[in-house]
Amino acid sequence: MFTRTRHDGYTISTSPDLLDLDLVHTWLSTDAYWALGRDRATVGAAFAGSLGFGVYRPTDGRQVAVARVITDRATFGYLCDVYVDRAERGHGLGTWLAGAVRDHLGEIGVRRILLATNDAHGVYAKLGFTLVRADRWMEFDRREPSVTPLTSKDSQGDPPLTVNT
């Protein structure tokens with residue numbers, strides 16, 4: 001099990017017993033653009049088959065952030081479901097969490113970590129993540145058509161959202 005404590009008392013742990021998966025489900029299914037509507041059973045199964053990282057507040061031990069890594073624990077990891085509670089943002093917890101994940105995976109021998117983001121490139125770039133070569137990566141995607149985080153509607157058939165000022 002991996003545990004790390006920050007100078008201000010926040011703690012990261014990979015203990016599955018500490019993860020509040022009901023809270024994680026609420027965060028992901030209602031506020032994370034990549035997981036809107038994800039059901040509780042899927043969240044549970046995803047974390048059961050992955051390496052989960054929780055961040056816990058020093059004052060009361062409440063979970064305030066999460067990350068999940070799909071990994072063979074030997075050569076490769078896919079970092080996903082990185083989320084910081086909105087009330088805790090702006091204190092560097094996301095960067096600290098992603099850096100701790102990167103460092104822990106390196107300690108166990110994982111040499112390549114992949115992730116996908118629409119809006120946090122700067123956070124990950126500070127930690128040494130770089131854009132991947134588009135000519136090398138491929139995917140097979142069975143997910144439903146993507147939804148937009150603002151409307152939760154199919155983004156392929158709807159006109160773009162406009163704001164008149």
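Helices (H or I, at least four residues) and strands (E, at least two) are DSSP runs, numbered from the N terminus. In these terms, Ser 50 lies in the loop between α2 (40-48) and β3. The model is predicted: local features need pLDDT of at least 70, side-chain atom pairs count only at pLDDT 80 or more, and totals for chains, interfaces and linings use all residues. Residues are numbered from 1 along each chain as its sequence is written, and side-chain values use heavy atoms, with hydrogens and water left out.

**Ser 50**

- Ser 50 counts as buried because its relative accessibility is 11%; buried means under 20% relative accessible area, with a 1.4 Å probe and protein chains only.
- Not counting residues up to four places away in sequence, Ser 50 touches Arg 68, Val 69, Ile 70 and Arg 73, where contact means heavy atoms within 4.5 Å.
- A polar atom of the Ser 50 side chain lies 2.7 Å from the backbone oxygen of Ala 46.

**Nonpolar cores**

- A nonpolar core is a set of buried Ala, Val, Leu, Ile, Met, Phe, Trp, Tyr and Cys residues joined through side-chain atoms within 4.5 Å.
- The largest one has 25 residues, and Ile 12, Phe 53, Val 55, Leu 97 and Val 101 have the most contacts inside it.
- At least two residues of this core come from each of β3 (51-56), β4 (63-71), β5 (76-84) and α3 (93-107).
- The largest share, 7 residues, is supplied by α3.
- Another core, of 13 residues, lies apart from it, and includes Val 24, Ala 35, Val 43 and Tyr 83.

Note on methods
Buried means under 20% relative accessible area, exposed over 50%, partly exposed in between (1.4 Å probe, protein chains only). A polar contact is a pair of N or O atoms within 3.5 Å; within protein, one must be able to donate a hydrogen and the other to accept it, and residues adjacent in sequence count only if both atoms are side-chain atoms.
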